[in-house]
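Subject: Structure handover

Hello,

Here is the structure for you to look over. My notes come after it.

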Amino acid sequence: MTALLLAGLLATAPADSLDAPCMGGAVVTRADLEASGALHLHEIVRRALLLDGATTDGFDLAPVAGVGVPGRGRVRVFVDGAPAARGAGIEPDGLEALPVALAEVARVVVCPGDGIAGGAFGGPWIDVETAPATRHLYGSASLGNESGDPGPQRYLDPSLPNVDRWGPDVEASAVARPPGGEAWLAVRHRDFLPTDPAIFPRTLAASVGRYPKRIGPVVTLAARGRGLRARVAVRQFADLPFVPEVGREVPLAHASAQATVAGARTRGDVRVWGHAHVARVDLDRPDWSALALDPSWRENRLDAALAARVGRPSRSVSAGVQAEQTSVAAPGFEDAVTVGRMWAEVQHGGTAGGASLTAAGTVAGGLGGGIRAEAWRRRGGLTVRLDGSARRTLAEEQSDLSAWTTRGYDEFGTVAEATGPSDVARLRLAASGGRGPLRLTASAEGQRADVGDARGTATVGRIGAAWHGGVRVRAEARAQGAVTGTPAFTDAWARLPRLRAAVDVTLRPDERLALWARLDVRSATTWAGLGDLPAAVLLDLGLSKRAWGDRLRLSLGGRNVLGAPERRHPLGATLAPRLFVRAEARW
C-alpha cells in the first residue's frame, strides 16, 4: 500500500530514460530477443559477451562482470534508467525477479564500465528499456524442457499429488490509452522444476509434502504519458535458490512490492530530472520447507535522485545527488544503512572528437566515490577512444548476504569479519571503424583492484566485427584474466572463462520471418574448493514467425543443441539440449 501511495504522489512530472555514456557497452534489442526465440529475461546475460552468468539449476543466470574482483559486488540493474528491486539482499541477483515482462522490452544496454546511471556514479550496470504498447491486449504462453528429462516423474510416483512434468510460463497484459498517455497491467508467471540429478537430492531433501518448484507471478502496473514513467509491481514467489553461504538450496517464501517514478523538465538549455523508488521485500520459511533455516527477513528500501544539466548533451555541465536507505529487521537483528552520493560531469565534444570528466563522492560510514575521464578522436571512419576510471566503493554500499553477515545477521552462518572499502582502477584503449555494412571494434583494458584479501591486476581484451547486410553477422572474442595477485584475487578471475568467442547470425527472408543461430565457445574454468567446469561449445538456434497482421507470433528456441557439457556452477546442473516454444497474440 505504501508503494501505491508513493507512486500516486510522485507521478507528477515527465521522465526519460537516464542513459549515460558507457565504456565499451553493448545493446540487445527486442528484435534480437525475438529472433533468438528468447523466453526469459536472463537470456540477456546468456548472449551478452560482456557478462558471464552463474546458476546451479538453469532457472536464472546471475550476471557476473569481469571487473575488479568478479563475484564481489553486484551488477546494478535498472528499468528505464531508474532502480528496480529484484530480491532481498540475501537472495541471488538474477533478472527474473524484475518487474518487467519480456514483451515490454525495447532494448537492453549492458555496460561493463563506470558511468552515471540510475542517478549515481558506478558500474557495471544493465538498463532494461521498455517500449510503448502496440496493442490493447497481449497474451503469450511458453513451454520447454531438456531432452530426455521427464521431470519429477523420473524420481517420484506420477500418481502422487503435485508431480508435474512441465513448467509453463505465461505472460499477459491489458492496455488503456487515456488522452495524452497509456497505462497497462502486465502479469508474468514462472514455473520451474529443478530436476537435474546433480541437484535433485538437495532439492528433494529440502521439502516436505510437495515437489519443490520455483513458481510464482509478477504483477506490474505501469503508465507513461507526456514523458512520464511510473511502475508499481508486486511479486509472490515460492522459491528455492542456491545460497552459497549455506552450500545448498534453501526454500523461501518471497513477497515484495515496489514503486518507481521518474520525471524530467527541459527549458532551453537547462534540463532537470530525477526519480524516486520504494520497495518492501519479505522472506519467510515456507510451510513445505524441511530445513530449520528461517530468514524472517523484512527489508525496506528508499532511493531518490535529482540531477540537472546545462547546455547541449555534447557540450554541457551536469551535476546530481542521490540518496538511498536500506533497513532490515529479522529475529535478533535490526540494522539500517544510509548512503549519499553526489557527482558532477563536464562534456565537450564535436564531430572530430571530444572529452569528458566525471567526479563523484559517496558518504556513508566513510568517504568514497571516484573519477572518470574519457577522450576520443574521430578521423574518417576511424574513432579512437581512451578512457579510465578509479572508484572506491564503501562496505555500506554492498547489499548481499555476506555484507549483512558482517553486520551481525547470523541465520545462515557465523558472523563474518567486517570488510573495508573496495578500490578498483581501470584504463582502456579502444578503436572502432567501418565502411558500408562492415564495422570493426577492438579494445584493450588493464585493471587494478584492492578488495579486502583480494588484490591484484587483470587484463581484458576484446575484438569484434559486425556485418549489417542481407544477412546480419556479429562476431566477437574476449580474452581476460588475472595477471598478478593474491590467491583470493586470482581464484575469483579463474571462475570466469579466460577465453570466449561467439558468432551470431540472423537471416530475415522477409519482414515477418527471422532465422537465428549463435555459436558460443568458452574455455574451462576453475572454482577453488568446489571443482572445475569443462570448456564448452554451445550452439543456440532460433526461429520467429509473425502472422495475421503481426497479431500472432510463434517462436522456437533451441539451446545447446549440440549437447555440450553446459554447466555454470560446480555444484549445479549439467544442462542438456533444450527446446522452447512460445506463442504470442496481440489485439
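Below is what was found in the structure, by topic.

**Ground rules**

This is a predicted model, in which local features need pLDDT of at least 70 and side-chain atom pairs count only at pLDDT 80 or more, while totals for chains, interfaces and linings use all residues. Residues are numbered from 1 along each chain as its sequence is written, and side-chain values use heavy atoms, with hydrogens and water left out.

**Salt bridges**

A salt bridge here is a side-chain nitrogen of Lys or Arg within 4 Å of a carboxyl oxygen of Asp or Glu. That rule gives 46 salt bridges.

Glutamate 43 and arginine 559 form a salt bridge, 3.3 Å from N to O. Glutamate 43 sits in helix H3 (residues 43-47) and arginine 559 in strand S34 (residues 552-559), so this pair ties together parts 516 residues apart in sequence. Helices (H or I, at least four residues) and strands (E, at least two) are DSSP runs, numbered from the N terminus. Glutamate 43 and arginine 559 are both buried. Buried means under 20% relative accessible area, exposed means over 50%, and partly exposed is in between (1.4 Å probe, protein chains only).

The next pair is arginine 72 with aspartate 453, with the closest N and O atoms 2.9 Å apart. Arginine 72 is in the loop between strand S3 (62-65) and strand S4 (76-79), and aspartate 453 is in the loop between S26 and S27, so the bridge ties together parts 381 residues apart in sequence. Arginine 72 is partly exposed at 42% relative accessibility. Aspartate 453 is partly exposed too, at 47%.

Then there is glutamate 397 with arginine 341, a salt bridge of 3.0 Å, N to O. Glutamate 397 belongs to the loop between strand S24 (382-393) and helix H5 (401-406), and arginine 341 to strand S21, so parts 56 residues apart in sequence are tied together. Both glutamate 397 and arginine 341 are buried.

Shared partners also link salt bridges into one network, which joins Arg47, Asp52, Arg478, Arg500, Asp504, Arg518, Asp520 and Arg522.

**Helix H6**

Helix H6 covers residues 487-494, and its buried residues are Ala488, Phe489, Ala492 and Trp493. Seen down the axis of H6, these fall within an arc of 130°, so they line one face of the helix. The arc is that of the directions from the helix axis to the C-beta atoms. What do the buried residues of H6 pack against? Their partners are strand S26 (438-451), strand S27 (454-468) and strand S28 (471-485). Contact means heavy atoms within 4.5 Å.

**Buried residues elsewhere**

Glutamate 374 is in strand S23 (residues 367-379). At 7% relative accessibility, glutamate 374 is buried. Its side chain makes a 2.9 Å polar contact with the side chain of arginine 372. (A polar contact is a pair of N or O atoms within 3.5 Å; within protein, one must be able to donate a hydrogen and the other to accept it, and residues adjacent in sequence count only if both atoms are side-chain atoms.) Not counting residues up to four places away in sequence, glutamate 374 touches Gly354, Ala355, Ser356, Arg385, Leu386 and Asp387.

Isoleucine 90 lies in the loop between S5 and strand S6 (105-111). Isoleucine 90 is buried, at 5% relative accessible area. Leaving aside neighbours within four places in sequence, isoleucine 90 contacts Leu283, Pro295, Trp297, Leu401, Tyr409 and Phe412.

**Backbone points to check**

Most residues other than glycine have a negative phi, and most peptide bonds are trans. Here are the exceptions I noted.

- Glycine 123 to proline 124 is a cis peptide bond, with omega near -10°. Proline 124 is in the loop between strand S8 (120-122) and strand S9 (125-130).
- Aspartate 80 has a positive phi, near 55°. Aspartate 80 is in the loop between S4 and strand S5 (82-83), and is buried at 7% relative accessible area.
- Aspartate 550 has a positive phi of about 65°. Aspartate 550 is in the loop between strand S33 (536-547) and S34, and is partly exposed at 30% relative accessibility.

Best wishes
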